[in-house]
Amino acid sequence: MLLAAVGLGLAIGVVIGALGGGGSVLSVPVLVFALGLGAQEATTASLVIVGVTAAAAAISYARSGHTRWRTGLTLAAAGIPASVLGSYLNRSVEENVLLLAFAAVMLLAAAGMLLRTQPGDEPPDRPEPSAPAARPDLRRPGRLLSWRLVSAGLVIGFLTGFLGVGGGFVIVPVLVLGLGLALPAAVGTSLLVIALNSGVALAARSVGGSFAWEVIVPFTTAAVAGSLLGKRVADRLPSAVLTRAFAVLLVLVAGYVVVRAVPGLT
């Protein structure tokens, strides 16, 4: 169990660090089917794992100047009420229904990742030449931008609270396609939002929640190490290749979750 938690945590950490999200979508299926946790217990464990891992990776991106603090804090603040609501709803949903919701989210994540790698949609992989002012984010005028941020923040917050996922597969496309950020800045900002949202959702579950620390601690430790490695992987490999490969993996895992969860529906 310990070796499995370390190995799987390392793999998911690499994905989170390289893509700014996505790995968290795999955390709950891995915790349920590979490590034997219940669905509700797994979503709580995922909040700890994803939150700590994202925070560690966010620090690395921030040091490189790839974090848009104002944008990230706006997204996180918008998602706070939805995150709390999702945390409370999680307790009243049957486990197999929760797993099927995960399968749907994984398919949406795969679609979003593939869309963001379409020709002409993806900014260059190179870091911005002057990080603080290379690209505007919240300087764009108009109410449309504000509504995009608020709407995305609400969706991301609910997903974090209800399913224990970070929502990076929503955040990164919004930042890249909607706000025009380069991919490194979008990833760094996404990690900041994930860490903050996870903390809020975890606080909402702290009373009466069940924590499998024997799994959480080694899994999280390995995931943090993996996230730092993922940052190096992202610096060296084309992001389109990484994203497409992971999208295919998400589709395969979603299919497996459906096959396992449908027979258990009451």
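Reader: Hi! Let's start with Ile49: which helix is Ile49 found in?
Author: Hello! Ile49 sits in helix H3. One thing to keep in mind as we go is that this is a predicted model.

Reader: Thanks. Is Ile49 buried or exposed?
Author: Ile49 counts as buried, because its relative accessibility is 0% and the cut-off for buried is under 20%.

Reader: And what separates the C-alpha atoms of Ile49 and Val217?
Author: The distance between those two C-alpha atoms is 8.3 Å, while along the chain Ile49 and Val217 are 168 residues apart.

Reader: Nice. Staying with H3, at what angle do H3 and H8 pack?
Author: Helix H3, residues 39-63, packs against helix H8, residues 183-205, at about 140°, and the axes are 8 Å apart. That angle makes H3 oblique to H8, since roughly antiparallel would need an angle over 145 degrees.

Reader: Good to know. Is the crossing left-handed or right-handed?
Author: Left-handed, for H3 passing H8.

Reader: Let me zoom out for a second. How many helices and strands does the chain have?
Author: There are 10 helices and 0 strands, so the pattern along the sequence reads α-α-α-α-α-α-α-α-α-α.

Reader: And what share of the residues is buried?
Author: Of the 266 residues in the chain, 53% are buried.

Reader: Back to details, then. Where is Leu181 found?
Author: Leu181 lies in the loop between helix H7 (168-178) and H8. Leu179 belongs to the loop between H7 and H8 too.

Reader: So are those two buried or exposed?
Author: Buried, in both cases: Leu181 has a relative accessibility of 0%, and Leu179 has 1%.

Reader: How many residues apart along the chain are Leu181 and Arg68?
Author: They are 113 residues apart, with 9.2 Å between their C-alpha atoms. For Leu179 and Arg148, the C-alpha separation is 9.2 Å and the spacing along the chain is 31 residues.

Reader: Switching to the surface: which residues form a nonpolar patch?
Author: Val97, Val258, Val262 and Leu265 do, and together they have about 280 Å² of accessible area.

Reader: Where is the place of Leu265 in the chain?
Author: Leu265 is in the segment after helix H10, which spans 239-261.

Reader: Last one, I promise. Why does Leu265 count as partly exposed?
Author: Because its relative accessibility is 38%, and partly exposed covers the range between the buried cut-off, under 20%, and the exposed one, over 50%.

Definitions and conventions. Residues are numbered from 1 along each chain as its sequence is written. This is a predicted model: local features need pLDDT of at least 70, side-chain atom pairs count only at pLDDT 80 or more; totals for chains, interfaces and linings use all residues. Side-chain values use heavy atoms; hydrogens and water are left out. Patches are made of residues with over 30% relative accessible area and no salt bridge: like charges are joined within 9 Å, nonpolar side chains (Val, Leu, Ile, Met, Phe, Trp, Tyr) within 5 Å. Accessible areas come from the Shrake-Rupley method with a 1.4 Å probe; for residues, only the protein chains shown count as cover. A salt bridge is a side-chain nitrogen of Lys or Arg within 4 Å of a carboxyl oxygen of Asp or Glu. Helices (H or I, at least four residues) and strands (E, at least two) are DSSP runs, numbered from the N terminus. Buried means under 20% relative accessible area, exposed over 50%, partly exposed in between (1.4 Å probe, protein chains only). Axes are lines fitted to C-alpha atoms, for helices over the stretch in contact, and angles run from 0 to 180 degrees between N-to-C directions. Angles under 35 degrees count as roughly parallel, over 145 as roughly antiparallel, 65 to 115 as roughly perpendicular and the rest as oblique. A crossing is left-handed if the near helix is turned anticlockwise from the far one by less than a right angle, and right-handed if clockwise.
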